[in-house]
Amino acid sequence: MAAETLTNKKLLITGATGFTGLHACAYFVRQGCTVVAAGRNKKTLDSIQGVISAECHLEDREQVNDLIQNNLPDYILHLAGKNSASESWKHPASYMESNVMGTIYLLEAVRQHCPESRMVMVGSRLSVDPAKGAAAVPHPYSLSKTFASWSAAAWHSMFNQHIVLAEPSNLIGPGESTGFCTLLARYIAGCEAGRGLPLFRISSRFESRDFLDVRDAVAAYGVLLKSGSSGMTYPIDSGKEHTLGELAERLLKETGTAVPIDWGPESASLSLDSLNKGTGGQQGAGLLKALGWSPQYVLEQSLADIMDDARIQVQSSTS
């Protein structure tokens, strides 16, 4: 399929106030899109430069229907949903409502009002292949993302909707995130500011993951919106794994302050999260790069930007 252009097209971004969502809004505004930013927090939505804000709770079917009917987007980037594996153990039904039913309400509203819209559905590497059975699911969050992605793929198959699935690796970069790098950077910045903080503990310094800058992921979503093949699942990653211990050591090199760290057990220990590599397997591997995308942010730049942003946030909270 020939690449399309997003300039002057209307793009709906769900989850616009989240870590990735805020980066996506800024990126696509620069691309010349008319961006409709949808989310729960009206105050944050109204603060995003250059977008049309749309307060919406995806668990509310009528609100989702109105969102689509009132805006009729040409493109949709579906980022919204709950994303904490640990929290999902406490509120499993809430995760199913948000991630599964919210996605289905969106798919159905698009089918009814603008079936020609192109959607990128952002899934998770913590999803599992349903063919492996229920025993392969490590936590409710994984189950919810598995069902959400499977539903999107089914809507493409049943109703011929233009849906591309993306499975990003662990996203890092400046901004509000609950990821390991941001949490450690905020801790380091707090130590630099002389704050008395509880000891930062690394669960396993040997745990290895692929880390990708969120700005590279957003650029990949743009490529998929324009040129991705409907029904295809595209893994999005840097192509290289790093241990949590390695990332911690690199961040600590960014400071001249003594920072106490509990490095965790001396032997390798892997969480269930780290053992899941997504449902897409290799069916999309290499195809994204063939469409013209490749990562632009090296790890050192990502970590330096995270550290700079952490210092700004700590300083602003104390002023």
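Predicted model: local features only at pLDDT ≥ 70, side-chain atom pairs only at ≥ 80, totals over all residues.

A: Residues are numbered from 1 along each chain as its sequence is written, and side-chain values use heavy atoms, with hydrogens and water left out.

Q: Is cysteine 33 buried or exposed?
A: Buried, at 9% relative accessibility. The cut-offs: buried is under 20% relative accessible area, exposed is over 50%, and partly exposed is in between (1.4 Å probe, protein chains only). Cysteine 191 is buried too, at 15%.

Q: New topic. Which residues touch the most other members in the largest nonpolar core?
A: Ile13, Phe28, Leu77, Val120, Tyr221 and Ile236, out of 38 residues in that core. A nonpolar core here is a set of buried Ala, Val, Leu, Ile, Met, Phe, Trp, Tyr and Cys residues joined through side-chain atoms within 4.5 Å.

Q: Which element gives the most to this core?
A: α8, with nine residues. Elements that each supply at least two residues include β1 (10-14), α1 (19-30), β5 (118-122) and α8 (214-227). Helices (H or I, at least four residues) and strands (E, at least two) are DSSP runs, numbered from the N terminus.

Q: What is valine 120 in contact with?
A: Ile76, Leu77, His78, Val164, Ala166, Tyr221, Leu224 and Leu225, leaving aside neighbours within four places in sequence. Contact means heavy atoms within 4.5 Å.

Q: What else lies apart from that core?
A: Another core, of 26 residues. Cys56, Leu107, Cys114 and Trp155 are among them.

Q: OK, charges. How many salt bridges does the count come to?
A: 13. The rule is a side-chain nitrogen of Lys or Arg within 4 Å of a carboxyl oxygen of Asp or Glu.

Q: What does glutamate 108 form a salt bridge with?
A: Arginine 111, with the closest N and O atoms 2.5 Å apart. Both sit in helix α5 (residues 92-113), three residues apart, so about one helical turn separates them. Glutamate 108 is buried at 14%, while arginine 111 is partly exposed at 31%.

Q: Which residue does arginine 186 pair with?
A: Glutamate 176, in a salt bridge at 3.3 Å between the closest N and O atoms. Arginine 186 is in helix α7 (residues 180-192), and glutamate 176 is in the loop between β7 (170-172) and α7. Arginine 186 is partly exposed at 23%, and glutamate 176 is exposed at 51%.

Q: And where does aspartate 262 lie relative to arginine 201?
A: Their side chains meet in a salt bridge (3.4 Å, N to O). Aspartate 262 lies in strand β12 (residues 261-262) and arginine 201 in strand β8 (residues 200-201), so the pair ties together parts 61 residues apart in sequence.

Q: Which residues are linked in a network of salt bridges?
A: Glu192, Asp308 and Arg311.
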